[in-house]
Amino acid sequence: MITTDRMAMVDRNAAALGVPRKQLMESSGNAVARAVRERAEEGDRVTLVCGRGNNGGDAMVAARFLEGFDLRVVLLGRPETISTQITRENWAALGAAEVPTETVTDSRSFDLDDPDVVVDAMLGTGVTGALREPEATVAEALNAADATVVAVDVPSGVDADTGAAEGAAVDADAVVTFHDTKPGFDDFDAEVVVEDIGIPDAAETFTGPGDLLSIRRSPGATKGDAGRAFVIGGGPYTGAPALASQAALRAGVDLSFVAVPESVKTPIQSYAEDLIVQPYEGDHLAPDHVDDLVDTAESHDDVVVIGPGLGSHDETVEAAERFLSEFEGRAVVDADALPVIPEVDTDATLVLTPNRKELVELGGPDVDDLRANQAAIADLSAELGHVVLAKAKDDVITDGERTRVCRAGTPGMTVGGTGDTLAGITAAMLATHDPFEAACMAPQINGSAAEAIAGEVGDGLLASDLLDAIPRAVWGDESDE
Ligand SMILES: NC(=O)C1=CN([C@@H]2O[C@H](COP(=O)(O)OP(=O)(O)OC[C@H]3O[C@@H](n4cnc5c(N)ncnc54)[C@H](O)[C@@H]3O)[C@@H](O)[C@H]2O)[C@H](O)CC1
Ligand SMILES: [K+]
């Protein structure tokens, strides 16, 4: 079972793997034609009712596979208003091949006549709200007809995620849906046929640009919606917390606070005017600081990053352990804070970001190839009760049940600091997404930021170079048709 959002993700990831949607549409159309052939007799009248999106495009492809029948291809709307490039191309291909087509702009001028089989390709997963005209009237005509109705992907007017219809909807005899069945089909009377359309498993296994689609799908956000990051780090090191908090800002949080020892406040503030530095007394994190830090983070519902540059002073380790046992919000646990995890009893929602060495300290496998050992990492995640984002050339992301692999990135990323940018990006994603999704998105963003600038910086990459490239990795993908 797959939701429409995940389907869109997988579809985009397939395109990134070299299997573009037009190719998938050829498979969808072929599958629809097969379903029609199974339900029609030689010489039958087959009417394909096409909408202006890709659902309609599937039926336009099907038409090329059904030329032996008494075929009628109807487009609802003017050809100029076809909404996607690939459907426009498939419409043009019918014209060039001299397959007869009709267009209907007013439902009053549409006579369904008396077909044996009707293909409902008005609307698929792109439907929003109740069917408008002419679709609503045409849906009623289809329901009233004495014909076998084959719906493409989803009966038009039905929400594939819920099975509900806000207004008129097609009552199909069979639904040919693609890749996997949809949650809304559970209680359907119609026969549901699931067709493989050639989406490779890799489109689900590996993270890709599709994993980032949901970021751009929440327009109209107001200040504060994108969340706030609260980085607890620094002391012996100053660069790591500064990189993490700047990366969080570049990945979209509204505000980024850095809690650091007084002793390093000035250098950290001097790195970037965008950071809000909140100093605490002394030159390292200590148990006395913890109550204040927990109060501050919880009162603003901040997403915490704890670890970067903290060092391993005994008091710091004790403070990190105490922080995590008291804090009940969301946190990314990285670097020097990771060793306390096996000991700590916490109600917080955590994403752990160990490198290979830190993974071993957490009780994970001591291996070079994390991907080949993903089952052991999933077991560790289940045992700890937290999402694990284990970092290597191929990152492994797991919540114990689901496991994905991120291949994005460049050899230059072995330079110091790229883990700090990753921790900051993870916090930004965790502010608006579920922990496992956030942990899948973050390395995809960090890795593709590096890929985007590889041509300029090659192996001379600095973690600070990634900061400027992060926004494009997050919002720059415009291939969303
Ligand atoms: N990987 C896959 O799942 C593939 C699916 N394919 C097919 O593509 C459709 C989804 O296509 P999309 O273009 O996103 O949307 P639709 O065709 O469903 O609809 C868009 C179209 O409809 C208009 N519209 C929206 N709401 C309404 C309404 N309430 N009333 C009237 N009109 C409406 C909107 O303006 C657009 O013009 C999927 O279902 C599959 O069939 C690909 O072919 C292969 C890969
Ligand atoms: K449909």
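Author: Let's start with a term: two strands pair if DSSP finds at least two bridges between them. Strands themselves are DSSP runs of E with at least two residues, while helices are runs of H or I with at least four, and both are numbered from the N terminus.

Reader: Thanks! Before we apply that, what sort of model is this?

Author: This is a predicted model, where local features need pLDDT of at least 70, side-chain atom pairs count only at pLDDT 80 or more, and totals for chains, interfaces and linings use all residues. Residues are numbered from 1 along each chain as its sequence is written, with chains lettered from A and ligands numbered from 1 in the order in which they are written.

Reader: How many bridges join strand 8 to strand 9?

Author: Strands of a sheet pair through backbone hydrogen bonds, either parallel or antiparallel. Here, strand 8 (residues 228-232) and strand 9 (residues 255-261) run parallel, joined by 5 bridges. Phe230, for example, has Phe257 in strand 9 as its bridge partner.

Reader: What order do the strands of the open sheet have?

Author: The 9 strands follow the order 10-9-8-11-12-13-14-15-16, with mixed pairing. Strand 10 (276-280) and strand 16 (403-406) stand at the edges with a single partner strand each, so one side of each has no neighbour in the sheet.

Reader: Is Gly419 buried or exposed?

Author: A residue is buried if 20 or more other C-beta atoms, placed from the backbone, lie within 10 Å of its own, exposed if 12 or fewer, and partly exposed in between. Gly419 is buried because 23 other C-beta atoms lie within 10 Å. Gly419 belongs to helix 14 (residues 418-432).
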